[in-house]
Amino acid sequence: APAAGPPRAEATAATAATGSVRVACGSITGKGRSAAEEIEAALRREPALKQLDLDLVDLAGYDQDNLEQEDVMIFVVSTWEGGRPPETCQVFYDWLDDMSKDFRVDKNTFLAKLRFAVVGLGNAEYGTETFCKAAKDLHDLLEGLGATSFTGRVATLDDSINLGPQTGRAIREILRAVRRGDLAAPGAPDAWAAFKPSAATQVAVTRHNKTAARSKPDEHVEVKDEEDEEEEDRIN
């Protein structure tokens, strides 16, 4: 029988939440934009997020100075030739790189408020060295500045094959984190209280994540989960 997943934290929309969840897209061909729109639509259907400020933004026009104040961001980024991010995202990437090298920036606290996930698109035919490299680089830059990945890994999608099932798996991974309560940062305001799991749930989730980590030594892996089939009906 499939191994049971982690217990689900109780999360309700009763709290008058004022936090924000942003889906941020960096794409050239439009495939990344389509995946981002699917993710946004799934989040809008999630009861626990009904009262939060949820929107889809393009990294090309995103003001990076706002990043310190963001609560939750889900990045959907494609990889271009040579493992580079889309040209429309280069300013954002360069800014993060500058912050990571600036001795005046406290790397432990600069983005400590931010909880994030990264979904990457790339073509596996070009080899593992550059496959979804832009997404992996973004994940590492954010973690290096104190942000916390609430999925713990990059969801890598191969855009040379059907993206639908792959995007669905990424969505299920994100929603499981929502339901576990992983979107609430330590010391978060009362608006996020509904997303904080009980102590008992957190212990169980920690054990589950440690077990998963031992079975998946590479954090940048394609999201596949034994619970996908039973979760699909709940999401749709």
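## Close-up views: pockets and helix pairs

**Lining of the second largest pocket.** By class, five nonpolar, 10 polar and three charged residues form the lining of the second largest pocket (nonpolar: Ala, Val, Leu, Ile, Met, Phe, Trp, Tyr, Cys and Pro; charged: Asp, Glu, Lys and Arg; polar: the others, Gly among them). The model is predicted, so local features need pLDDT of at least 70 and side-chain atom pairs pLDDT 80 or more, while totals for chains, interfaces and linings use all residues. Residues are numbered from 1 along each chain as its sequence is written, and side-chain values use heavy atoms, with hydrogens and water left out. The pocket (on a 1 Å grid over the protein atoms alone, an open set of points with protein on both sides within 12 Å along at least five of seven lines; lining residues have an atom within 4 Å of a point) has a volume of about 340 Å³ (space filled by probe spheres set on points joined across faces, edges and corners). Its lining consists of 18 residues, and T79, W80, E81, N123 and Y126 are the closest to its centre. Helix α1 and strand β4 (115-122) each supply at least two lining residues (DSSP runs numbered from the N terminus: helices H or I, at least four residues; strands E, at least two).

The model has three cavities of 30 Å³ or more (sets of grid points where a 1.4 Å probe fits but cannot get out). Eleven residues line the largest cavity, with V118, T151, R153, A155 and E173 nearest its centre. Two or more lining residues come from each of β4, β5 (148-158) and α4, and β5 gives the largest share, four residues. The lining has eight nonpolar, one polar and two charged residues.

**Packing of helix α1 against helix α4.** Helices α1 (residues 31-44) and α4 (residues 163-180) pack at about 40 degrees, with axes 10 Å apart (lines fitted to C-alpha atoms over the stretch in contact; angles run from 0 to 180 degrees between N-to-C directions). The crossing is right-handed (near helix turned clockwise from the far one by less than a right angle; anticlockwise is left-handed). In contact (heavy atoms within 4.5 Å) are K31, A35, E38, I39, A42 and L43 of α1 and L163, T167, I171, I174 and L175 of α4. Eight of these residues are nonpolar, one is polar and two are charged.

**Packing of helix α2 against helix α3.** Helices α2 (residues 90-101) and α3 (residues 133-144) pack at about 35 degrees, with axes 10 Å apart. Their crossing is left-handed. F92, Y93, L96, D97 and S100 of α2 meet A134, A135, L138, L141 and L142 of α3. This contact has eight nonpolar residues, one polar and one charged.
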